[in-house]
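Welcome, and thanks for taking a look at this model with us. Please have your viewer ready before reading on.

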Amino acid sequence: MYRRKKNFNIIIRYLLATAGAVLMIFPFLVMVSNAFKANVFVIEYPPKLIPENPSIENFISAWTSNRFQLYFLNSAVVALMATIGTVLFAALTAYAFARFQFKGKEILFALMLIVLMIPDMISIIPRFYLARSLDLRNSLWGLILFYIASGVTGNTFFLRGFFESLPKELEEAMTIDGANPFEIFFRLALPLSKPALATVGIFSFLGNWDEYTWALTIIDEPAKRTLPIAIYSFQGQHGTEWGLVFAAMIIALIPVLIIFISLQRYFAGGITSGAFKG
Amino acid sequence: MYLSLKTQKKLMPLLFLIPGLLFFAIFQIYPLLKGFQMSFLDWQIMPGKVSEFVGLDNYARAFNDVVFGRAFKNTLIYTLVTVPGQMIIAMIVAILINSLPKGKTLFRALYYIPVITSWVIVSLLIRYFFQSPNGIVNYFLVEVFHLVEKPLPWLRDPALAFVPILILGIWKGIGWSMVIYLAALAGVPKELEEASAMDGANGWQNFWHITMPLISPTIVFTMVMLLIGGFNVFISVYLITGGGPRQMTEVMLSYAYHQAFDFLDFGYGAALSYLMAALIITLSFLQIKLLRKPQEIY
C-alpha cells in the first residue's frame, strides 16, 4: 500500500517535471517546426506544430542569402579571438594577483571589482566615443578589443581564486630548479587550471557569440555585421517570412547547443561559482 | 642587458599585469571617467565643436522628464515582477527535479535551454508569439481557452505591451536560478531531512525549517544577482517594443540609449546612465552588507 502510494507520487512528479519542460521549450518547438515549413507565410491560423511537408528549403535559402555565411564567419572570428584574448590576459592578470606581492595590489583589485559591478551598458555612450576616436567603428577589432576588456575584468576575480587554490609547493620546486615565473605560469599553472580556463573560455565564447548591443552600436557597415545583428535585420527585411528567419536563428543557435551539450560538465560549476550570469 | 635579481623580481608582476591593465584602463576606466565628464556637458557630436559645461543641467532635466520617470517606474515594475517570479518558479522546479530518482541531468538541461539562447533570438520569438491578431498566444486565448472574445493587440496597446517583456524576463531566467538551487539542495544533508520526517514533520515544514535556513545564502545571492540583472533590462525592450507605443514601455537603459543614439544627445544620455549606475552601486553595497563574506556561499 505504502509502496504503491510512493510510486504514484513519483509518476506525478515526472508528469509535472515533463509538463514544465514542455512549457520551457515550447517556443523552440514552434521555431523548429516553422523553420521546416517551406513557402508558408507562417502565420497559419490555427497554428500547426507538425509541418505537413517538411523541407529544409528555408535553411538553404537562409544559409545562401544575404551574405549570411560572411556574418557567420564574422561572428566566429570575433568570438574566437575575443575568447583567446580573454582567457590569456585574464589568466596573466589573475596569476599576478594570486602569486606576486606588489604595491597597491589590493586597491587595484578592489577597483576591478567595483568596475565589475557597473554594467557595461552604463558606459556605452563614452565607449562609442572612444571607438570612434580610435577608428574602431565598423571594424571587427572594435568588437574584439572591447569584448576582451570586459572579459578580463570579469574573469580575473574568478581565476585569482582558482590560482590561489593551487598548491604552492610545485611552483616552489620549479623555482628551485631555475625556472622563471613565465615558465612556471605556462608549463605548470596553466595546465593545472584547465577546468577553470575551460569554464572561462566557454562562457566568454557564448557571451561574445551572442553579443548584440555593442555590435549594434559600432557596426553600421553591412559587411561587418555579426550574426545577432544580421538576424535582427533579416527579420526586418523578411518580416512575413518567419520560416526563413527561424531557420537563420537555428543556424546561429547550433554552435551554442553543441557547446552546451558536449561541455555540460563545465556549466554547472561555472554557474554555481557565481562568476557567470547568462 | 643585466638586471639585478631584485629588480627582476620587482618587474615580474608588471609583465604579467601589463596586458590586462592596459585593456582595463583604456576600454573600461577611461570610458567611465569620460562618461562622467560628458554628463556635465552639452556634448557636441561633431568633432571640433566646443561642448559647453552645463553643470547639473542634464541631471536636473532627468528629474523633470516625464518619460524618464515612466522609464524608471517600468524598470522597477520589471524588477519587482521578474525577480520573485524567476525565484519562486525556479525553486519549485528545483525541488521537483531534486526529488526525481532519475533523469535530473536531462531535466536540468531542458530547463536551461532558454538561458543559453541569445536575447535577440528569444526576443524575436516572443514577438512572433504575441503577434496580433493571428499570433499563437492570441490563438490559445481565443480559440483554445476562450479567455477573451477577440484577439488582443499585444504590442500596439500601451497597457499590454509590457506584458510580453515581463513574461520573457521570467521564462528566460528560470533555468539559471534553478541550476543554482539544485546545487544548493544537493548540499543539504539527507539525514537532517530524514530525521525531521521521523519526528513527524511534513514536506512543507521540512522545507521551511530545515532546507530553507541551510540554503538561504544561496537564495540571497540569486536575489541580488537577479535584482541587478533586472535593472539592466535592455535588449528585450529594445527589440520587442522599442520602448513604444508612444514611449510607454521605455526602461532606463532603453531610454538612455535612445537619447544618445537616436536623438544624439550624448550629455543627457550619459547623465541618465550615471543615475542608473548610482542605483546599481547602491544595490551592490546592500549585497555586501547582506552577505558579509560572499565567498562562503560556495
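Predicted model: local features only at pLDDT ≥ 70, side-chain atom pairs only at ≥ 80, totals over all residues.

Chain A comes to 13 helices and zero strands, while chain B has 12 helices and two strands. One contact to look at joins helix 5 of chain A and helix 1 of chain B, whose axes cross at roughly 110°.

**Chain A**
- Reading from the N terminus, the elements of chain A run α-α-α-α-α-α-α-α-α-α-α-α-α.
- Chain A has a radius of gyration of 24 Å, well over the 19 Å that the globule rule gives for 278 residues, so chain A is more spread out than a compact globule.
- The C-alpha trace of chain A spans about 75 × 70 × 35 Å along its principal axes.
- In chain A, 42% of the 278 residues are buried.
- If you take the contacts in chain A between residues at least 6 apart in sequence, 76% of them join residues at least 24 apart.

**Domains of chain A**
- The domain assignment divides chain A into domain 1 (2-59) and domain 2 (67-237).
- Between the C-alpha centres of domain 1 of chain A and domain 2 of chain A there are 37 Å.

**Chain B**
- Taken along the principal axes, the C-alpha atoms of chain B fill a box of roughly 75 × 75 × 35 Å.
- Buried residues account for 40% of the 298 residues of chain B.
- Among contacts in chain B with a separation of 6 or more, 67% are between residues 24 or more positions apart.

**Where the chains meet: helix 5 of chain A and helix 1 of chain B**
- The axes of helix 5 (residues 124-133) of chain A and helix 1 (residues 5-38) of chain B come within 8 Å.
- Angles of 65 to 115 degrees count as roughly perpendicular, and helix 5 of chain A and helix 1 of chain B are therefore roughly perpendicular to each other.
- On the chain A side, the contact involves Ile125(A), Pro126(A), Arg127(A), Tyr129(A) and Leu130(A) of helix 5.
- Across from them, helix 1 of chain B brings in Tyr30(B), Pro31(B), Lys34(B), Gly35(B) and Met38(B).
- Sorted by class, this contact has seven nonpolar, one polar and two charged residues.

Definitions and conventions. Residues numbered from 1 in each chain as written. Chains lettered and ligands numbered in written order. Axes fitted to C-alpha atoms, helices over the stretch in contact; angles between N-to-C directions. Helix = DSSP H or I, 4+ residues; strand = E, 2+ residues; numbered from the N terminus. Parallel < 35°, antiparallel > 145°, perpendicular 65-115°, else oblique. Contact = placed C-beta atoms within 7 Å. Nonpolar A, V, L, I, M, F, W, Y, C, P; charged D, E, K, R; others polar. Domains from an automatic or database assignment. Rg over C-alpha atoms; globule rule 2.2 N^0.38 Å. Buried ≥ 20, exposed ≤ 12 C-beta atoms within 10 Å, placed from the backbone.
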